[in-house]
Amino acid sequence: VYDLYYAGGPVGTVTHTWFTDGHIYRVESVAEGAGLVKLFYGGKFVQRSTGRLGPDGLIPIEYTLQRGSAAHRESARFDWGAGKLLLAWKNEHRVVDLPAGTQDALSVMHQAYFMPPAAASAPLEVATSRKLAQYNYELVGDTLIETPIGILRTVHIRRADDDGMRIDVWLDRDRSLLPVRIRGVDRRGQAFE
């Protein structure tokens with residue numbers, strides 16, 4: 001369970017759950033507002049990724065995103081056999097080619113466990129429920145992070161986009177590279193953590 005901050009102030013919590021039995025995986029991230037944020041933005045922001053484990057790591061099968069109520073559900077379905085990605089949101093549907101190794105917005109954090117960073121930077125295809133984009137991930141390096149459970153040894157990875165969005169992720173070296181901290185700056189320049 002993580003504290004959630006936006007524009008410098010606390011706005012809620014995020015519960016992140018990871019499961020694998022060695023063959024399949026499930027990841028869920030549930031962001032829930034508190035106080036005035038909950039009043040104005042009722043409901044939860046729920047992301048889920050399910051898939052299989054392969055020789056090169058995670059092979060997503062489905063990514064879903066729910067904003068508030070179940071009526072606001074979006075999805076990306078990975079048809080690896082046909083090499084197609086099926087995107088669905090609101091009343092929109094798109095089918096695009098599916099490059100090998102593509103991850104989704106949630107699985108990408110855990111894929112680092114299966115692909116220990118060897119290069120200073122690497123491109124990776126990432127799908128959301130609305131698009132497929134190639135992002136460049138940069139290995140910033142090892143960092144010590146102070147947390148409520150103590151000082152943790154982490155590997156710091158950064159994604160910086162041309163439109164000004166930036167996401168920094170710190171992965172715990174001693175806990176299977178699970179996320180310790182995620183900090184981003186949105187297109188309007190507002191920070192979330």
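A salt bridge is a side-chain nitrogen of Lys or Arg within 4 Å of a carboxyl oxygen of Asp or Glu. The model examined here is predicted. By this rule, 13 salt bridges are counted.

Asp172 and Arg175 form one of these bridges, with their closest N and O atoms 2.8 Å apart. Asp172 is buried, at 2% relative accessibility.

Arg173 lies in the loop between β13 (166-172) and β14 (179-185), whereas Asp142 belongs to strand β11 (residues 132-147), so the bridge ties together parts that are 31 residues apart in sequence. Arg173 is partly exposed, with a relative accessible area of 38%. Asp142 is exposed, at 56%.

A further bridge links the side chains of Asp168 and Arg158, at 2.7 Å from N to O. Asp168 is in strand β13 and Arg158 in strand β12 (residues 150-160), so this pair connects parts that are ten residues apart in sequence. Asp168 is buried, with a relative accessible area of 4%. Arg158 counts as partly exposed, at 24% relative accessibility.

Aromatic rings were examined next. A pair of aromatic rings is described by the distance of the centres and the angle of the planes. The structure contains two aromatic pairs. In one, the ring centres of Trp18 and Tyr25 are 5.9 Å apart and the planes meet at 20 degrees; planes under 30 degrees apart count as stacked, so this pair is stacked. Trp18 is partly exposed, with a relative accessible area of 28%. Tyr25 is buried, at 1%.

Phe78 and Trp80 make up a stacked pair, because their ring centres lie 5.8 Å apart and their planes are at 20 degrees. Phe78 has a relative accessible area of 7% and is buried. Trp80 is partly exposed, at 27%.

Arginine side chains also lie over aromatic rings. Arg159 is positioned over the face of Tyr135, at 3.6 Å from the ring centre. The charged end of Arg181 sits over the ring of Trp170, 4.6 Å from its centre.

How values were computed
Residues are numbered from 1 along each chain as its sequence is written. This is a predicted model: local features need pLDDT of at least 70, side-chain atom pairs count only at pLDDT 80 or more; totals for chains, interfaces and linings use all residues. Side-chain values use heavy atoms; hydrogens and water are left out. Rings of Phe, Tyr and Trp (its six-membered ring) pair if their centres lie within 6.5 Å; planes under 30 degrees apart count as stacked, over 60 as edge-to-face and the rest as tilted. Buried means under 20% relative accessible area, exposed over 50%, partly exposed in between (1.4 Å probe, protein chains only). A charge sits over a ring if NZ of Lys or CZ of Arg is within 6 Å of the ring centre and within 35 degrees of the ring normal. Helices (H or I, at least four residues) and strands (E, at least two) are DSSP runs, numbered from the N terminus.
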